[in-house]
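Subject: Structure handover

Hello,

Please find the structure below. My notes on it follow.

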Amino acid sequence: MDEHAHGCTCFIIPSKMLRQLADEATSASERHSLLDQVELSAHLRGQRSVAPLVMGLVAATGEKRRTVYDAQHKTALPGKLVRGEDSKPSSDKAVNQAYDGAGATYDFYREVLKRNSVDGKGLRLDSTVHYQTNFNNAFWNGQQMVYGDGDGKLFLGFTGAIDVIAHELTHGVTQYAVPGGLVYADQSGALNESISDVFGSIVKQWTLKQNVEQADWLIGAGIMAPAVGKALRSMADPGNKELTWSGDDQPKNMAGYVQGGDVHTNSGIPNHAFYAAAIALKGNAWDKAGPIWYKALSLLTSNSTFADMAKATSDSAALLYGVNSAEQHAIQAAWKVVGVA
Ligand SMILES: [Zn+2]
Ligand SMILES: [Zn+2]
């Protein structure tokens, strides 16, 4: 049994959202195209047990090394190599955005959290752009990042959103940093999603040099057409459709917990706990709240619940700042805000 058996094929756009958009589609061809993409996603998720097993074969290099491939609108991965580390920028904007986004995420983990890439050992960061045709999604498949172009009508593309790139790469981090990985279902799955949102948002804030008051705390701002919405999720106010989109069903506390809910739904609860902690700790999210959340990953197990994460973050705050420190109390209070522990 591979120790990273709980990697995931994790999509930024939940199938639920694509199905709702299919229901609201103005033409049969648009509806069929969206439902085809839901089917393709399900098929790719079904392959997830394969990807992590071959992971050890991907060369670790011990330094920042990125490669970008072009799928040329087909589905074979990784596709044609179009840019490597230190090679000249491409004339293709998506190639450069995927390259730069992977670089910013690498730099954040290296400089702020002292982690060398996704696996902690310098794993090469591979990205493929122009996956399929009009593909309304981006995903981490256990080994690499994959980006569709979006159909240009509902989704405008995914490589321009640094939080989306960091979200997906963080699924890779979770796969390695949590002993055994976090099972992508139920509360451990919602935690897995939330951890990706947390570091997706922090990397965006770090890139923009925004403190916790300046940050928008949105996930996926800019990837969709204004008619669809403004963002996928809000960490500041989960479920606030005015800030996000019409199908946002995220609860912000345990009172709204959805039994058997999608991992992208219940993730609103730990997302809001992180937001509350970061606001209480003030300054930049990457100064204290981020490192506390990151250190907690190593204290989790494959089936950890929200309560386990509350304890892990409290313990990691104690390890970093001392037992009964103001930081530890802020973390405990943040979980109380969302009704956990
Ligand atoms: Zn394309
Ligand atoms: Zn995700």
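Which residues are the protein donors of the zinc ion (ligand 1)? They are His73 (NE2), His130 (ND1) and Asp149 (OD), at 1.9 to 2.2 Å from the ion. Donors here are N, O and S atoms within 2.8 Å of the metal (3.2 Å for Na, K and Ca), and sites may look incomplete since water is not among the atoms.

Before the rest, the conventions. This is a predicted model, in which local features need pLDDT of at least 70 and side-chain atom pairs count only at pLDDT 80 or more, while totals for chains, interfaces and linings use all residues. Residues are numbered from 1 along each chain as its sequence is written, chains are lettered from A and ligands numbered from 1 in the order in which they are written, and side-chain values use heavy atoms, with hydrogens and water left out.

Zinc sites

Along the sequence, the donors of ligand 1 have the spacing H-x56-H-x18-D. Histidine 130, in the loop between β4 (125-129) and β5, and aspartate 149, in the loop between β6 and α4, are 19 residues apart, and the pair links distant parts of the chain. Helices (H or I, at least four residues) and strands (E, at least two) are DSSP runs, numbered from the N terminus. Histidine 130 has 13% relative accessibility and therefore counts as buried; aspartate 149, at 26%, counts as partly exposed. The classes are buried under 20% relative accessible area, exposed over 50%, and partly exposed in between (1.4 Å probe, protein chains only).

The zinc ion that is ligand 2 has His167 (NE2), His171 (NE2) and Glu193 (OE) as protein donors, 2.0 to 2.1 Å away. Their spacing along the chain is H-x3-H-x21-E. Histidine 171 belongs to helix α4 (residues 162-177) and glutamate 193 to helix α5 (residues 186-208), so this pair ties together parts 22 residues apart in sequence. Both histidine 171 and glutamate 193 are buried.

Domains

The domain assignment, which is automatic or from a database, gives domain 1 (10-177) and domain 2 (186-337). Their C-alpha centres are 22 Å apart. Domain 1 puts 35 residues into the contact and domain 2 puts in 36 residues, contact meaning heavy atoms within 4.5 Å. Between them the domains bury about 2800 Å², with 69% of it on carbon and sulfur atoms. Buried area is the accessible area (1.4 Å probe) that two parts lose on being put together, summed over both.

Helix α3 (residues 93-111) has 19 residues and spans 26 Å from first C-alpha to last, close to the expected 27 Å; the expected span is 1.5 Å times one less than the number of residues. At its start, a side-chain oxygen of aspartate 92 comes to within 2.9 Å of the backbone nitrogen of alanine 94. Asparagine 96 is also in α3 and, at 15% relative accessibility, counts as buried. Its side chain reaches the backbone oxygen of serine 90 at 2.8 Å. Such polar contacts are pairs of N or O atoms within 3.5 Å; within protein, one must be able to donate a hydrogen and the other to accept it, and residues adjacent in sequence count only if both atoms are side-chain atoms.

Asparagine 141

Asparagine 141 sits in the loop between β5 (138-140) and β6 (145-147). Its relative accessibility is 14%, so asparagine 141 counts as buried. The side chain of asparagine 141 reaches the backbone nitrogen of glutamine 143 at 2.9 Å, and that of glutamine 144 at 2.9 Å.

Regards
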